[in-house]
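Q: Could we go through this structure together? I would like to start with the helices and then turn to the core.

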Amino acid sequence: MNSSNSISKQKLKWRIFNDKLFSIVMMTLAFVSALPLLSILFQLVKKGYKQIRLNFFIEVAPDTMQAMMAKANHEIIPGGIANGIVGTLIIVGLASLIAIPLGLICGIYLSETSKGKMANAVRLVVDMLQGIPSIVLGVIAYIWIVKPVTSGFSALAGSVALSIMMLPSIIRSTEETLKMIPSTLKEAALSLGVPYHRTIFKVLLPTGMSGISTGIILGISRIAGETAPLMLTALGSSAINLDITQPSSAIPLLVWEFYNDPNLIDLIWGASLILLLIIFLLNLGAKAIVKKWKVQY
């Protein structure tokens, strides 16, 4: 009896040791994997905060001569990224207006139609869109919008390219969220005489709002930092442009332009820091929505 107790105690101690060892190894690996991200954040904050001031948000990007004069006098480069901020808001806003309704409709269709050739074809297209490089979507928008519609680069073309990128996340989040809702909730609404379309829009969608909203916000976060599609569609602009049929700038485009000009390279850090903060706030918003609107079934 004593021998069996001692054996069980030894096994328990061995299991506790393995558990602690595994926890230490996992925490160490997690910290090591986070080091590159922490290093990037440190460099962005260290080099980018110097540019952050009021003029950085209300003035357009400077030209090469202004940057050369400022660097010669050991001053902070004048100007800002106002044209990029306005362009990003316009392009991302238009992309959201295009992608959100289409994504919701496709997600509802897939959740309500689990089988069928049409549903399988839609799922195949969504899976393909998730793996298509962003530069290819820029080429598609160039063919569809730049040449035949606006006859030149435009914010509208950039919005179309980014909206295509948003669709997979919105469709998948909508489909999976609606599938998680108990069928009894839908049956109860239909049994009370509620029309089918009102059951979808008044019962199912509000119930799954947390998951759907999270997919939408994550989709916006993804496209907010895209550069390649905009290079082939929006092109960029040195001034604030509110006309969606004309070339427009964006923060990622400005970062690329600053990188290609040795005199403006210091502005990369400030623009990248602002872009990172925007995406960070969007992700915080997604988590806040999930926490506030989460429904327990």
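This is a predicted model: local features need pLDDT of at least 70, side-chain atom pairs count only at pLDDT 80 or more; totals for chains, interfaces and linings use all residues.

Q: Which residues does UniProt annotate as "transmembrane region"?
A: The unreviewed UniProt entry gives that annotation to residues 21-45, 85-110, 122-145, 151-171, 203-224 and 267-286.

Q: How do α4 and α12 cross?
A: The axes of α4 (residues 82-112) and α12 (residues 251-260) come within 7 Å and cross at roughly 145°. Asn83, Gly84, Ile85 and Thr88 of α4 meet Ile251, Pro252 and Leu254 of α12. By class, this contact has 4 nonpolar, 3 polar and no charged residues.

Q: Turning to the core, how many residues does the largest nonpolar one have?
A: The largest nonpolar core has 42 residues, and Ile91, Leu162 and Met166 are among those with the most contacts inside it. Its largest share, 12 residues, comes from α7.

Q: What does Met166 touch?
A: Beyond residues up to four places away in sequence, Met166 touches Ala95, Ser96, Ala99, Ile216, Gly219, Ile220 and Ile223. A second, separate core of 16 residues includes Ala61, Ala67, Ile274 and Leu275.

Q: Finally, what is found at the start of α3, and what follows this helix?
A: At the start of α3 (residues 64-72), a side-chain oxygen of Asp63 comes within 3.3 Å of the backbone nitrogen of Met65. His74 follows α3 and has a positive phi, near 55°.

Methods:
Residues are numbered from 1 along each chain as its sequence is written. Side-chain values use heavy atoms; hydrogens and water are left out. A polar contact is a pair of N or O atoms within 3.5 Å; within protein, one must be able to donate a hydrogen and the other to accept it, and residues adjacent in sequence count only if both atoms are side-chain atoms. Helices (H or I, at least four residues) and strands (E, at least two) are DSSP runs, numbered from the N terminus. UniProt positions are given in the numbering used here, feature names are shortened, and annotations may be inferred rather than shown by experiment. Axes are lines fitted to C-alpha atoms, for helices over the stretch in contact, and angles run from 0 to 180 degrees between N-to-C directions. Contact means heavy atoms within 4.5 Å. Ala, Val, Leu, Ile, Met, Phe, Trp, Tyr, Cys and Pro count as nonpolar, Asp, Glu, Lys and Arg as charged, and the others, Gly among them, as polar. A nonpolar core is a set of buried Ala, Val, Leu, Ile, Met, Phe, Trp, Tyr and Cys residues joined through side-chain atoms within 4.5 Å. Buried means under 20% relative accessible area, exposed over 50%, partly exposed in between (1.4 Å probe, protein chains only).
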